[in-house]
Structures are given as structure tokens and as C-alpha cells.
Amino acid sequence: TLRRMERFEAANEVLGDLDAAGQPGLDYVVQLYKAENLEHLERIDEALARYDALAEGHPDQVEPLGDKGDLLRRAERYDETATAYGAAIDRMADDDPTLWAVLYRRGIAYERAKQWDPAEADFLRALELEPDQPEVLNYLGYSWLDRGMHIPRAVAMIKDAVRQRPNDGYIVDSLGWGYYLLGRYEEAVRELERAVELRPQDWTINDHLGDAYWRVGRRLEA
């Protein structure tokens, strides 16, 4: 209840009074909640230390390493993020239904750490496991567009993502930018106008639409 009220310090006091001796399942949950509460309190190093202790004490559990990776990703410590997710992946079976998601998050960490080759490998493996995931289709597709790589394939992937998420402005923007790079400027304008309607506050999408307007001769609007 205290956690739901965002009284994380008080919640940890209550958890600290619990006697979980001889109850490893309860002790695991208590320690996990304590780490999460420290994270909410922005006591980052303490939270990370607790996640490490939990991972060491419970070698069959993936969650502490996944949570550690998520915390490091939010702190923009991307090299460490990739390492944490890698440790989580090492504990996961090849048929684990959540494996694709951890690979995807590690791919993002690699990409933001400017390590493109392992990032691309993680995105492709995630798509092997779950071929229709719109987040992965869009992230890999846009990353290829941004690097001038595999543009027709990237556009096809992003079109599939838009089909599944037609009201996601970021994914619609990716499709519009793909059309732009293919020289299909009228189609780019159509998609980018819709992306701006969905995400009017995003400067990148507005910038893309300006480029497309310029290409079709709508200079004042550009």
C-alpha cells in the first residue's frame, strides 16, 4: 500500500521489519521490492548493489538483471546496460517467450553506445523469435534508414509496423522518412503530415515534414 502511495522510504521500513528467515521465496520478493523502492528514491548505486546481490543469491532468476538493465538504461549508462541485459540473456532458455524483449532492449543499449554491429545482431535475432513485433521492426528499420542501409527492406518492415500501430506517430514518421529516402516525396508528405498530426510536439517529425514539403515545391510551408 505504501508503494502504491509512492511512500517508498516508509515502504522499505516496513519491509525491513519482516522476518523472512527460512522463506526464500518471501525473502526474494522483499529484497526485490527494496531495490525497486531505492530506484524510485533515485538512490541509484544502492539499488544497483541490491540487484547485484539478488542476482548472485538467486542464480535462477532473470528479473534482478533485467531490472538492473532497465535502471542503467534510464540513467543512460548504455555500456553497462548492455552488460546487464547480456547477463540476463545468459540465464534465459532459447524458447523463453520474453527473450526477444530483452534482446531488443540490449540492441537499443548497443545502438546508443554506438556499437552498431552487435545492436543489429540483437534486433535481427529478436525478429527471428518474434517476426511481427512492431517496436523491433520500426527500430531496426529506422536505424537502417538513418545509416542509408537496406532502404527498400527497411520501408517494407516499417509498413508492417504501421499496419499494426497505425496511430503511433513515431512509426508513421519512420515510414514517411523511408518514402523520402526512396524519392517518393508525395507519399512522404502524406505520411509525415499524419505523423505530425499524431505527434505535433516532436521536432524531428516536423523537420522531416519540412524536408518533404521542400521537395514537392511547397517552399513556404517547408
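The buried residues of helix α5 pack against α4 (63-74), α6 (99-112) and α7 (116-129); buried here means under 20% relative accessible area with a 1.4 Å probe, protein chains only. Helices are DSSP runs of H or I with at least four residues, numbered from the N terminus. This is a predicted model, in which local features need pLDDT of at least 70, side-chain atom pairs count only at pLDDT 80 or more, and totals for chains, interfaces and linings use all residues. Residues are numbered from 1 along each chain as its sequence is written, and side-chain values use heavy atoms, leaving out hydrogens and water.

**Helix α5**
- Tyr78, Thr81, Ala82, Ala84, Tyr85, Gly86, Ala88 and Ile89 are buried in α5.
- The end C-alpha atoms of α5 (residues 78-90) are 18 Å apart, which agrees with the 18 Å that its 13 residues should span at 1.5 Å a residue. The expected span is 1.5 Å times one less than the number of residues.

**The nonpolar cores**
- A nonpolar core is a set of buried Ala, Val, Leu, Ile, Met, Phe, Trp, Tyr and Cys residues joined through side-chain atoms within 4.5 Å.
- In the largest such core, of 49 residues, Tyr104, Phe123, Val136 and Leu140 touch the most other members.
- Helix α6 gives the most to this core, with 9 residues.
- A second, separate core has 11 residues, including Tyr28 and Leu72.

**Asparagine 12**
- Asparagine 12 sits in helix α1 (residues 8-16) and is buried, with a relative accessible area of 14%.
- Not counting residues up to four places away in sequence, asparagine 12 touches Tyr33, Lys34, Asn37 and Leu38, where contact means heavy atoms within 4.5 Å.

Conventions. Helix = DSSP H or I, 4+ residues; strand = E, 2+ residues; numbered from the N terminus. Buried < 20%, exposed > 50% of the residue type's maximum accessible area, 1.4 Å probe, protein only.
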